[in-house]
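Good morning. Please look at the structure on the screen while I go through a few parts of it.

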Amino acid sequence: MSGLSTERTSVGVVVEGINGPIRENSLYLPGHNQLAYLSGPSFASEVVAGLPTVVTIAAQEERVAARVQSLLSTPRFRCYRTTDVIGVELGGALKNVLAIACGISDGLSLGNNARAALITRGLAEITRLAVAKGANPLTMGGLAGMGDLVLTCTGDLSRNRSVGLRLGRGERLADITASMHGAVAEGVLTSRAAYELSKRLRVEVPIIEGIWRVIHEGEDALTVVENVMSRELKPELDMSMLAAMAPSMAFV
């Protein structure tokens with residue numbers, strides 16, 4: 001499992017998990033404290049090939065995370081552990097939306113600067129949403145946050161980036177989906193769930209909202225880029241995020 005991507009279908013769990021009250025329901029049902037969640041930058045084909053891979057294991061209880069970490073770690077597959085299940089799951093789900101954004105940017109030939117900006121400012125949006133749901137902001141700078149985001153936004157094996165590339169080159173989403181032979185690009189439906197979550201939590205996410213508009217409202221991608229770039233100028237650092245990080249930094 002990576003983020004919220006599991007069977008039933010993978011998209012269904014992503015959308016239900018983001019839109020539903022994760023903290024109040026799914027993570028606190030009887031027996032869920034015995035579950036562990038694996039996430040991080042890990043294309044399956046490279047793991048199978050024995051290429052070096054590093055991931056994180058999340059569980060509500062430290063002893064569960066440590067046990068799974070011990071069972072899965074090998075000289076080619078290193079596992080870290082955390083108890084921030086919410087942060088790991090949201091990072092794993094929301095990064096797919098930004099991968100579509102990076103694919104669209106590359107499909108439009110907007111350049112390396114634009115891709116780097118999307119990853120960096122997209123991470124800020126993911127962090128704001130995750131913190132609003134109770135996650136540790138430091139998780140977003142780790143394997144399940146930045147690590148998974150960079151891989152999915154830049155790797156040629158990323159289904160979500162591939163969908164974005166084709167959208168940026170002018171193909172219709174329906175045609176792209178039909179040609180995928182059952183493969184799932186989770187970010188397509190997750191973009192709607194993430195947008196709705198941001199409205200409910202009153203969190204500003206211009207990039208995620210822009211991708212929602214392109215995918216679900218049919219808005220022109222270049223128009224969205226212009227709108228995002230023309231917003232009111234502001235400081236880079238979000239002071240509310242710095243306040244949220246203060247308790248976590250006390251333990252570093």
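This is a predicted model: local features need pLDDT of at least 70, side-chain atom pairs count only at pLDDT 80 or more; totals for chains, interfaces and linings use all residues.

Residues are numbered from 1 along each chain as its sequence is written, and side-chain values use heavy atoms, with hydrogens and water left out.

Helix H4 covers residues 85–107. Helices here are DSSP runs of H or I with at least four residues, strands are runs of E with at least two, and both are numbered from the N terminus.

Is H4 buried or exposed? Buried means under 20% relative accessible area, exposed means over 50%, and partly exposed is in between, with a 1.4 Å probe and protein chains only. In H4, 23 of the 23 residues are buried, so the helix is largely enclosed by the rest of the structure.

Take Ser 105, which lies in H4. Its relative accessible area is 3%, so Ser 105 is buried. Leaving aside neighbours within four places in sequence, Ser 105 is in contact (heavy atoms within 4.5 Å) with Leu 110, Gly 111, Ala 114, Arg 115 and Leu 118. After H4 comes Ser 109, with a positive phi near 60 degrees.

Now a helix pair. The axes of H4 and helix H10 (residues 206–216) come within 10 Å and cross at roughly 70 degrees. Axes are lines fitted to C-alpha atoms, for helices over the stretch in contact, and angles run from 0 to 180 degrees between N-to-C directions. H4 is therefore roughly perpendicular to H10; that word covers 65 to 115 degrees, with under 35 roughly parallel, over 145 roughly antiparallel and the rest oblique. Val 97 and Ile 104 are among the H4 residues making the contact, and Ile 207 and Ile 211 are among those of H10.

Next, the sheet. It is open, with 3 strands in the order E1-E2-E3 and mixed pairing. The edge strands, E1 (36–39) and E3 (77–82), each pair on one side only; pairing requires at least two DSSP bridges between two strands. E1 and E2 (residues 53–59) run antiparallel, joined by 4 bridges. Helix H3 (residues 62–72) lies across E1, E2 and E3, at about 180 degrees to E3.
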